[in-house]
Structure formats: structure tokens, C-alpha cells
Amino acid sequence: MNCICGLEEYYKHYLSLHQNKWNRRLHLLGQLTTLLFVAFCIRLHVWSALLLAPFVVYPFAWCGHYFFEKNKPAAFSSPIKAKICDWLMTKDMLTGKIEL
């Protein structure tokens with residue numbers, strides 16, 4: 001994971017902001033919704049809508065932080081690293097490394 005400067009350390013911090021299982025579940029739901037959104041955009045040839053894809057997850061994720069985690073989303077302070085870590089956490093949840 002050392003391909004981006006400080007990403008491994010940032011991922012540890014990112015995970016510390018996602019200790020509540022319902023918050024993680026909302027993040028996963030948001031990421032899966034993002035994939036569906038991208039698939040529909042491609043299927044319907046609505047290429048300009050793909051620009052919105054990175055933002056589809058936020059209503060899900062921010063609800064998780066507000067209602068369950070009671071903290072500030074990582075995307076507020078470091079949006080690019082947070083987006084990368086969101087996908088890493090998704091992978092870790094789907095592979096069973098992180099509990100759902």
C-alpha cells in the first residue's frame with residue numbers, strides 16, 4: 001500500500017474513523033450504489049453523468065458519520081486519500097478482513 005506517500009498510515013487513521021459497523025455498512029452500500037450508477041451511465045451512454053460518480057457515496061457515508069460514528073468524515077480534510085481509503089475499506093469488507 002506504499003504506492004502513495006503516507007497512504008498506509010492514513011488508512012489506519014481512516015479506519016479509526018470507521019469503527020461503527022453501521023457506518024461501515026453505509027459506506028459499503030454507497031460504494032455499491034456508485035458501481036451501479038457507473039454501470040447505468042455507461043449502459044445509457046450518459047457520459048457527462050460519470051463526473052458525479054465520485055460523489056454518489058457521500059450521502060450514505062455522511063449519514064453514517066453523523067448518526068452512528070458521531071465524527072467528521074475524512075473526506076472533509078483529505079478528500080483524495082479518503083476516497084482511496086474508502087475503496088480499500090470496501091475491498092477489506094468484501095474479503096472479510098474487516099467485519100460487516
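Predicted model: local features only at pLDDT ≥ 70, side-chain atom pairs only at ≥ 80, totals over all residues.
1. Sorted by class, the contact of H2 with H3 has seven nonpolar, six polar and one charged residues.

2. The axes of H2 and H3 lie 8 Å apart, and the packing angle is about 170°. Angles over 145 degrees count as roughly antiparallel, and H2 and H3 are therefore roughly antiparallel to each other.

3. H2, which spans residues 21–44, also packs on H4, residues 79–94. Their axes come within 10 Å and cross at roughly 105°. The range for roughly perpendicular is 65 to 115 degrees, so H2 and H4 are placed in that class.

4. From H2, the residues that meet H4 are Arg 24, His 27, Leu 28, Gln 31, Thr 34 and Leu 35. H4 contributes Asp 86, Trp 87, Met 89, Thr 90, Met 93 and Leu 94. This contact of H2 with H4 comprises six nonpolar, four polar and two charged residues.

5. H1 and H4 have axes that come within 10 Å and cross at roughly 70°. That angle makes H1 roughly perpendicular to H4. On the H1 side the contact is made by Leu 7, Tyr 10, Tyr 11, Tyr 14 and Leu 15. On the H4 side are Lys 81, Ala 82, Ile 84, Cys 85, Asp 86, Leu 88, Met 89 and Asp 92. The contact of H1 with H4 has 10 nonpolar, no polar and three charged residues.

6. A search of the whole structure gives one cavity of 30 Å³ or more. The largest cavity holds about 100 Å³ of space. Its lining numbers 15 residues, with Tyr 14, Tyr 58, Ala 75, Ala 82 and Asp 86 nearest the centre.

7. Helix H3 (58–69) and H4 each supply at least two residues of the lining of the largest cavity. By class, this lining has 10 nonpolar, three polar and two charged residues.

8. On confidence, the mean pLDDT of the protein is 95, and 96% of its residues reach 70 or more. Confidence is lowest in helix H1 (residues 7–16), at a mean of 96, and highest in H2, at 98.

Conventions: Residues numbered from 1 in each chain as written. Heavy atoms only, no water. Axes fitted to C-alpha atoms, helices over the stretch in contact; angles between N-to-C directions. Helix = DSSP H or I, 4+ residues; strand = E, 2+ residues; numbered from the N terminus. Parallel < 35°, antiparallel > 145°, perpendicular 65-115°, else oblique. Contact = heavy atoms within 4.5 Å. Nonpolar A, V, L, I, M, F, W, Y, C, P; charged D, E, K, R; others polar. 1 Å grid on protein atoms, 1.4 Å probe; cavity = no way out; pocket = protein on both sides within 12 Å on 5 of 7 lines; lining within 4 Å. Points joined across faces, edges and corners; volume = space filled by probe spheres on them. pLDDT = per-residue confidence, 0-100.
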